[in-house]
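Please work through each task before reading its solution.

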Amino acid sequence: MVSDDGSWHGSGRWQQVHPDGSPAGEPERVADLPAAIAAREAAEHPRWLWAATTDCYPTLLRAGVRVRRCHDIELTEALLLGHAGRWGEPRALAAAWARLTGAPVPADPPPRLPQPPGFAQGALFEAMSGPSAAAGSVTLEALTRVYADQHARIAATGQPGRFALLVAAESAGALVGAEMGHAGLPWRADIHDQLLRDLLGAPQPVGPPRRLAELTAEINAAFGVPGLHPDSPAEVLRAFARAGIEVPNTRAWVLRQVEHPAVKPLLEYKELYRIWTAHGWAWRDAWISEGRFRPEYVPGGVVSGRWATRGGGALQVPKVVRRAVVADPGWRFVVADAGQLEPRVLAAVSGDSRLARAGAAGDLYAALATDSFGGDRAKAKVALLGAMYGQTGGAAIPALAVLRQSYPTAFDYVEAAARTGEAGGLVRSWLGRTCPPASTAWREAGLEPPEESGSAEPQGGASGRARGRFTRNFVIQATAAEWALVLLATLRTALEGMRAELVLFVHDEVGVHCPVEETEQVAEAVRVSAAKAGKLLFGGIEVRFPLDVSIVECYADA
C-alpha cells in the first residue's frame, strides 16, 4: 500500500496492510518512491492500494515501473455506492474519507480535459483537496481506513465472492487502460493522410474539403433549396417536410427507408463529415505522436461497465480509418472478437439449460434455429435480440412467442429485470454492478441497441416502460462487460514475460501488438483467457465463449 507527500520525485510514504485493511506495521518513508515500488514489485508482487489508478499509474509507467495488481479506491467506491442505490454520489478518496469520518462530503473534482500527447500530467499521488489532505500522513490514514471500510462493505453484499471479483477486475482494467495509453496503438500518419485525401480530397485552408462541398451541392440540388447545410439535422428535416416526407430524425437507418434523390448523397455526406470532424487532419495532428495513438481510457466510464475515453474517440474509429493502424516492422496484431457475446451471457446468467445447450455451439443462433425455429436462423436471432432489447412489434412478435415457449427460464430472466425497472427498482449484473436508480438515456448509459435488432432508443410512452427496456438489457450488457473485463485481466497476466503489449480494447474486442514469433503463443493465450473468464464468472456451465482470432499486419484486415 502506498501514499506520498505530494511529489514522487522526493521522498514518499507507504505502509503495509492486511487483506482486511488493518495496518500490518508502521508507515515507512522511502527516498525514491518509483524505485522502491519497482523493487517491492519484483520481490513479491503485492496488491498496491491507491486513490485512483488514472492519477497514479501513468507517472509510474513513465518512470519505467509496472505493477501486477492494485486496489483502486475511487472505482471501488463507485461500485459500492451503486450497489447501495446511491449511484452518482462523489466517489473520490476525499469523499469516501469524509463519509467515513462524518465530515461534509466534497464534490468530486471535475473531469480533466482531454489530454493529447505531450500534455503534462500531475505528480504521482497528488494530495487530495480539502482539509482532510493537509499532510501525507492524513492521506495515508484515509487510504487505509477507507480501504478497510470498503473491505467490510464488500463482505456485506449479497454475493461477496462475485463482488470481490468485480472489484478486482475493475482495478485490473484500470491498470490495463493506463498501460494501453502509455504503449499507444501503432498509427501510420502518412497512410491516414492518403486515406483522407482519397475520401475527401485535399484539405482546404478554409471550409470543408472538396468532396463534402460537392455532396453539399448535390443535396441542395436534390431538395431544390440553395444554402442548405447537410450537417444541420433541423435544416434537413425541414427540407424533407417541404418535399412532403416526414422523418423523425436524420439517423442513417431512418434515411435508408426514405425514397428521395437527396438520400444517397446525404448518407455519403454524413459518413464523410463524421470522418472529417472526428478523425480528420486536425485529429491526426492532435493525437498521433511518434507513430502512436495514445488515448486516455476511462474504465467503467458508462453505467454498464463499458469503457469510455477522454478525448480521441478511440472506441469509435471507423473501419476505413483503421487502414492506418499498421503493426511495426516484424510485428503483428492479434485481434480477438467475441461473437454473439450477449446471447451467450443470457444463457449463462438465466440458468436456462436448453438455451445453455445452444450456447455450447459455435453458432448459437443456428443452434436455436435447429432446436426451436424450424431452421430459420434469422427468426431465432430476431427473437433473442428482441427479448434482450425489448422489441415488441413487427417480425419480433411471432419469434418472441416461440422463444417464450421454448426457453421460458431465459425469457423470464429479462422480463423480471424489465418489470423491476418499470417499478423503479434496481437490477444488478452477475457480479453485482448496479443500474442507476433513475431512468437514463440509452446513449448516455452506453446501452444503445444495435440497428440489426430493429429497436430504436426509448422515446415517448411511459417513463417506466422506457426504464424497463433499460434494465432488461442492463443485466445482460453489464455482465457481458464483466466477462470482457475478466478476459482482459486474465490475458494481461498471461502475456507477462513476452514482448507483446495490449493496445486495443473495444467492448468485446481485444488487440495485442506482438513480434511475429509470438503471434501463435498470444493467440492461444487469448483463447485460454476467454475460457478462464467464463469459468471465473459462471463456473462449469455448458455455455462457450468462442473468439474469432485474427493475426494481421493491419487492424482493418482483422
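Two strands pair if DSSP finds at least two bridges between them. The model examined here is predicted.

**Exercise 1.** Determine in which sense β12 and strand β13 pair, and characterise their hairpin.

*Solution.* 
1. β12 and strand β13 (residues 509-515) are joined by 5 bridges, in the antiparallel sense.
2. Val506 stands opposite Glu509 in β13.
3. The hairpin has 2 residues between the strands, and His507 adopts a positive phi near 65 degrees.
4. Strand β12 (residues 501-506) has 5 of its 6 residues buried, so the rest of the structure largely encloses it.

**Exercise 2.** Classify the aromatic pair of Trp287 and Phe293 from its ring geometry.

*Solution.* 
1. Searching the whole structure gives 15 aromatic pairs.
2. For Trp287 and Phe293, the ring centres are 6.3 Å apart and the planes stand at 90 degrees.
3. Planes over 60 degrees apart count as edge-to-face, so the pair of Trp287 and Phe293 is edge-to-face.

**Exercise 3.** Describe the aromatic pair of Trp307 and Phe505, and locate both residues in the chain.

*Solution.* 
1. The pair of Trp307 and Phe505 is edge-to-face, with 4.8 Å centre to centre and 80 degrees between the planes.
2. Trp307 belongs to the loop between β9 (297-298) and β10 (308-309), whereas Phe505 lies in strand β12; the pair links distant parts of the chain, 198 residues apart.
3. Trp307 and Phe505 are both buried.

**Exercise 4.** Identify the ring over which the charged end of Arg354 sits.

*Solution.* The ring is that of Tyr407, with the charged end of Arg354 5.4 Å from its centre.

Terms used: Residues numbered from 1 in each chain as written. Predicted model: local features only at pLDDT ≥ 70, side-chain atom pairs only at ≥ 80, totals over all residues. Heavy atoms only, no water. Buried < 20%, exposed > 50% of the residue type's maximum accessible area, 1.4 Å probe, protein only. Helix = DSSP H or I, 4+ residues; strand = E, 2+ residues; numbered from the N terminus. Phe/Tyr/Trp six-rings, centres within 6.5 Å; stacked < 30°, edge-to-face > 60°. Lys NZ or Arg CZ within 6 Å of the ring centre and 35° of its normal.
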